[in-house]
Amino acid sequence: MPTRIQKEAAGRKNLMINMGPSHPAMHGTIRIMLELDGEKVLNSEVEVGYLHRGFEKTCEHKSYFSLLPYTDRLNYVSPLINNLGYVMTMEKLLGIEAPERAQYIRVIMCELSRISDHLTALAAMTMECGAFTVFLYLIKAREEIWNVIEQTTGARMTTSYIRIGGVRADLHPDIQPLMDKAVSTTQDVLRDVKGLLDKNTIWLQRTRDIAVVPPDMAVNYGFTGPCLRASGVSYDVRKAHPYLVYDRLDFEVPLGDNGDNYDRYMVRMKEMEQSLRLVEQAMSAIPRSKPRNESEAIDPHEAISESRNRKPAADILLSPNLEGSEKYRYPDIYADTRNGVLPPKEDTYSGIEGLITHFKFFMKGHGIRPPKGDVYFSVEGGSGEVGFYIVSDGTDRPYRLHLRAPCLHIVSALEKMIQGHYIADVIPTFGSTNMIGGELDR
Amino acid sequence: MEDQRVSETLKEKFPGKILEISDFLGDLCILIEKDVVLDVMTFLKNKPFDYAMLLDLTCVDEMGRSPRFVMVYHLFSLSYNRRLRIKAGVEEKSPILESLSSLWKNADWLEREVFDMFGVSFAHHPDMRRLFMYDEFEGHPLRKDYPLRKRQPKIRLRDRNAD
């Protein structure tokens with residue numbers, strides 16, 4: 001079947017060119033068919049779906065607990081925000097709320113993810129315009145941020161850290177030095193990048209007045225996030241529908257004036273500064289975790305042999321990959337509910353009730369069973385509003401799960417944005433949309 | 001209160017076409033007849049309600065029930081900071097309803113996705129083709145009667161000269 005542009009351009013004798021799907025600048029495989037007059041883009045068509053993995057279909061066949069790792073793979077630059085979007089939708093459906101410390105941890109992790117998302121978007125965008133130094137600087141800052149994320153969550157990208165009812169583990173006890181280093185490196189990098197780009201003639205010529213999106217067009221296309229705010233529309237889910245503890249923290253929502261590529265760059269730069277502010281505020285306002293029991297912790301094998309006679313009184317040492325999720329930390333990191341929260345490992349291995357609870361949590365047809373109904377909840381992701389629409393039929397797996405991917409709406413406007421510009425302008429424009437294949441194609 | 005105003009006004013404006021108004025966990029949801037979808041959306045998009053943004057558009061396959069498909073629209077009003085969910089049932093026999101791409105530009109791709117995944121098609125859509133899957137794909141993957149591990153037949157290599 002001929003595509004739209006093939007039908008439209010059939011009679012004309014213009015040059016047709018494929019950009020992608022395998023092209024270094026088309027991150028995450030996307031195909032743009034361009035109809036050119038010389039170097040000018042007369043008409044174009046964007047084809048997506050090269051990374052379609054059937055996320056929604058897969059989720060319908062997974063239990064509410066076990067589909068969480070799939071959400072990591074949506075926006076793989078800020079997986080924690082995807083986790084949060086799904087988890088908070090489930091919490092709304094189940095009617096549970098995470099404890100305060102867990103909420104602060106979530107804010108810290110999400111803001112770090114937002115910074116890493118913006119850093120990656122700008123790094124790719126600037127590198128493709130030839131600013132390779134900027135790319136290296138920004139990626140250096142991202143490494144520091146991912147070090148902090150890795151230290152606490154145990155993974156750099158596929159974190160699955162934010163769980164229904166709370167977070168998987170408490171913050172790492174030695175987080176402060178790494179966090180300080182990440183924050184100061186990012187601040188330095190942002191200052192350097194500003195100096196390199198803000199008044200750089202080449203950069204200005206590549207981005208100023210290119211792909212201008214007026215506010216009404218941005219709203220009409222369903223833009224959210226930095227791309228909408230670059231057009232001057234003030235809408236941020238964190239301010240409009242505050243979730244977690246964002247209403248207690250102080251931050252600004254930067255806006256652009258023109259909605260061109262430069263504004264999209266500028267808004268992201270300013271948002272990272274605000275995110276750093278948020279991280280610092282949250283780190284100082286976070287409630288302290290409960291102190292550990294004075295008694296010595298015992299080895300798991302001792303606990304198991306002791307549990308044959310009575311329930312072990314002392315704390316049990318957990319393996320390093322469960323660190324931070326000890327039973328005594330549960331009030332800090334998980335909501336006090338059986339419905340949705342994984343029972344502590346110490347109970348599972350040292351008592352029959354705990355074992356049964358654990359077993360029933362994972363047994364088919366049991367586990368997390370929310371009430372019947374449908375629910376929509378959204379959080380502010382790196383490239384816009386990440387919304388989940390979940391239809392529950394009362395069983396342990398979603399009847400339907402739909403992701404509102406922010407970049408689908410933005411990429412659908414790409415054809416309009418690049419029309420009439422030169423072929424070289426396609427690259428920074430595409431970079432400024434921050435298209436993420438995993439999220440767009442699902 | 002504001003929720004009530006929207007539902008009351010819609011009931012007055014479209015008598016008999018508003019089938020059900022529900023509120024679950026604070027989300028207002030209005031079920032309407034599918035033949036008034038475009039009219040209701042046009043009315044809601046303009047002032048006084050000013051739902052200027054189409055946040056999301058998707059479909060749910062309620063297999064075994066009638067109507068089988070339920071279209072779900074999420075609207076958002078920037079000026080009032082409010083969300084609204086509109087639903088409309090679509091029968092399996094004639095799975096077609098009016099496209100919203102004349103109102104919102106992002107409806108173009110979202111409706112193509114619904115067509116791709118559920119086989120519900122849209123009248124007056126500028127380019128009604130699959131969005132994610134290829135043209136030769138058989139069936140609609142998000143329908144409940146499409147098995148999770150169904151294999152697709154091999155397709156012929158496309159003729160390079162035909163394009």
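Me: Which domains does the domain assignment of chain A give?
Reply: The bounds come from an automatic or database domain assignment. This is a predicted model, in which local features need pLDDT of at least 70, side-chain atom pairs count only at pLDDT 80 or more, and totals for chains, interfaces and linings use all residues. Residues are numbered from 1 along each chain as its sequence is written, and chains are lettered from A and ligands numbered from 1 in the order in which they are written. For chain A the assignment gives domain 1 (4-47), domain 2 (55-288 + 370-441) and domain 3 (300-362).

Me: How many residues does the contact take from domain 2 of chain A and from domain 3 of chain A?
Reply: The centres of domain 2 and domain 3 of chain A, taken over C-alpha atoms, are separated by 34 Å. Two residues are in contact if their C-beta atoms, placed from the backbone, lie within 7 Å. On that criterion the contact takes 17 residues from domain 2 of chain A and 14 residues from domain 3 of chain A.

Me: Which elements each supply at least two residues of the side of domain 2 of chain A that touches domain 3 of chain A?
Reply: Helices (H or I, at least four residues) and strands (E, at least two) are DSSP runs, numbered from the N terminus. Those supplying at least two residues each to this side of domain 2 of chain A are helix H4 (79-94), helix H5 (100-128) and strand E5 (166-167) of chain A.

Me: Why is H4(A) described as largely enclosed by the rest of the structure?
Reply: A residue is buried if 20 or more other C-beta atoms lie within 10 Å of its own, exposed if 12 or fewer, and partly exposed in between, with C-beta atoms placed from the backbone. H4(A) is largely enclosed because its buried residues number 16 of the 16.

Me: Where does Val48(A) lie, and which residues is Val48(A) in contact with?
Reply: Val48(A) sits in the loop between strand E3 (40-47) and helix H2 (55-60) of chain A. Val48(A) counts as buried because it has 24 C-beta neighbours inside 10 Å. Leaving aside its neighbours within four places in sequence, its contacts are Ile30(A), Val411(A), Leu440(A), Asp441(A), Leu131(B) and Phe132(B).

Me: Which element gives the largest share of the side of chain A that touches chain B?
Reply: In the contact between the chains, 33 residues of chain A meet 30 residues of chain B. Among the elements giving two or more residues to the chain A side are helix H9 (215-220), strand E6 (373-380) and strand E7 (385-392) of chain A. The largest share, four residues, comes from E6(A).

Me: Which strand of chain B pairs with E4(B) over nine bridges?
Reply: Two strands pair if DSSP finds at least two bridges between them. Strand E3 (residues 53-61) of chain B is joined to E4(B) by eight bridges, and the two run antiparallel. The antiparallel pairing over nine bridges is between E4(B) and strand E5 (residues 82-90) of chain B.

Me: Which residue in the turn between E4(B) and E5(B) has a positive phi?
Reply: E4(B) and E5(B) form a hairpin with four residues between them. In the turn, the positive phi, about 55°, belongs to Asn81(B).
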